[in-house]
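Morning, everyone. I'll keep this short. Please have the model up on your screens.

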2 protein chains.
Amino acid sequence: MDLVSQNKCFEGMQQRYAHRSAVLNCDMHFSVFAPAAAVAGQKLPVLYWLSGLTCTDDNFSTKAGAQRYAAEHEIILIIPDTSPRGADVPDDSEGAYDLGLGAGFYVNATRAPWDRHYRMYDYIARELPELAESHLPFNGRRAISGHSMGGHGALIIAMREAGRYVSVSAFAPIVNPAGVPWGEKAFGAYLGDDRNAWAEYDACHLVAERKPELPILIDQGTADDFLAGQLLTERFVEAAGRAKVPATVNLREAYDHSYYFISSFIGDHLRFHAGHLNS
Amino acid sequence: MDLVSQNKCFEGMQQRYAHRSAVLNCDMHFSVFAPAAAVAGQKLPVLYWLSGLTCTDDNFSTKAGAQRYAAEHEIILIIPDTSPRGADVPDDSEGAYDLGLGAGFYVNATRAPWDRHYRMYDYIARELPELAESHLPFNGRRAISGHSMGGHGALIIAMREAGRYVSVSAFAPIVNPAGVPWGEKAFGAYLGDDRNAWAEYDACHLVAERKPELPILIDQGTADDFLAGQLLTERFVEAAGRAKVPATVNLREAYDHSYYFISSFIGDHLRFHAGHLNS
């Protein structure tokens, strides 16, 4: 991995790296915030942040204000991109924002033309950690979080990869992609018509099937325009309740889907993860 | 002024307004952060934030993370655009980033074709406060801050408008525009060749001439690529020292010109202004 740029931030370093991904079959970028102690070589825990539709690694880096809290709690942030990238990578034929580039949905695609590049599940759960954690001063403890499509990604990866993450959180996650228009479109394209394959990428299904034992935190704004049609947080509350899996779900009055919402509560999420990463 | 959009943020509201500017002879936008108490109608002090070259009111709103501190200290933020806007407004003929749109330099232009619209000094110091402060729950106390070109704007406006602002601060300000390439280009175009006119918009000149009595805080990164050629913070330190005007100037080791620098110290600046606005 090659350091492309870095900016000092809260006494640590905000960094951008480039690397070749064998899993995604293309060149990729990701961002890192390394607190001062990590810059000095001290081993720290890592929090992965998975972004939402249309985002790159830049949105969370510039808009969330998370560095302040990561510096305070001494947590390294690793912020991947949301899809494979490059001229060779297929995109939606109509350039839709919710399929193709910027919309990897954290699945391993099995259908052409997507299957040559769109393997974001393996990239996030395996390839990127193997690379980044061996180059950064990593102490062996990791957590994961994300927003919207990235909240979906964080939940499904944490639940499927039992024992790898000490905690998971999400802002406005797509908790039931197999049952809403965004997920039906993306899963249909990437995975085909087999709904059994879809279920393995659906948090409502996984919370019942896997009964995950790690702490789960979700924040959802009540003024989020996508709540009723795409997010349906109540389905996860119901599924987790039925499966007797504990989860904290905060409904935040009048907050929407934007980074103004994330910035307001990212400090709470960093504190939540710090409590588990540092215990 | 018309509310264009708003997002709940740190229990307050991040808002964007549109209005007709008579001074600038065009339609303008500006952003506001209203802490929860202001949304409820309580009168609060105001901090103006002036942005730098190429920026709009959006950059500081989305990247600085200032809302957290403004909410904590109960200060309304007013964030103007950096130049007149619209199809009728002349721009640099070569589209340069440092002249014309996005580069108003907070002066009242006296030369054609700029003089019909580029009157950012009067807009920031008079027209916008008269409008915004009468519509927002304003308690009569105001401060001003900014970055780079906007740090220059904050310093010159606060020093010329004695008694109107209780405190002024700046990140990486252009302290001596009359003596560096950015300012020579802009002042030459907007004000013509009369260097006496330039001096009235130059912080190094004004600190000696006006001997301002308000508290002054400046933060400057030592890894800022513009420090040696455009910012030259040491000239202000020298001019203020010779004039016996107190100013706090913090040189921040290895920080650069970016919003990662601003976000790291904006909390200190809000605390500085709160100490004076609320005293």
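I'll go through one histidine and then some salt bridges. Keep in mind that this is a predicted model.

First, the histidine. A:His117 sits in the loop between β5 (76-80) and α4 (120-135) of chain A. Buried or exposed? Buried: the relative accessibility of A:His117 is 3%. Its side chain comes to 2.9 Å from the backbone oxygen of A:Leu24. Beyond the neighbours within four places in sequence, A:His117 has contacts that include A:Val23, A:Asn25, A:Cys26, A:Pro84 and A:Asp88.

Now the salt bridges. How many are there over all chains? The search gives 28.

Start with chain B. B:Lys185 pairs with B:Asp98, and the closest N and O atoms are 2.7 Å apart. B:Lys185 is in helix α6 (residues 181-191), while B:Asp98 is in the loop between β5 (76-80) and α4 (120-135) of chain B, so this pair ties together parts 87 residues apart in sequence. B:Asp98 is buried at 8%. B:Lys185, at 35%, is partly exposed.

Next pair, again chain B. B:Arg119 and B:Asp122 form a salt bridge at 3.1 Å, N to O. B:Asp122 is partly exposed at 22%, and B:Arg119 is partly exposed at 28%.

Over to chain A. A:Glu238 and A:Arg242 form a salt bridge, with 3.4 Å between the closest N and O atoms. Both are in helix α10 (residues 233-242), four residues apart, about one turn. A:Arg242 is exposed at 63%. A:Glu238 is partly exposed at 49%.

Last item, a network. Salt bridges link A:Asp219, A:Arg252, A:Asp268 and A:Arg271. That's my list.

Note on methods: Residues numbered from 1 in each chain as written. Chains lettered and ligands numbered in written order. Predicted model: local features only at pLDDT ≥ 70, side-chain atom pairs only at ≥ 80, totals over all residues. Heavy atoms only, no water. Helix = DSSP H or I, 4+ residues; strand = E, 2+ residues; numbered from the N terminus. Buried < 20%, exposed > 50% of the residue type's maximum accessible area, 1.4 Å probe, protein only. Polar contact = N/O pair within 3.5 Å; in protein donor to acceptor, adjacent residues only side chain to side chain. Contact = heavy atoms within 4.5 Å. Salt bridge = Lys/Arg side-chain N within 4 Å of Asp/Glu carboxyl O.
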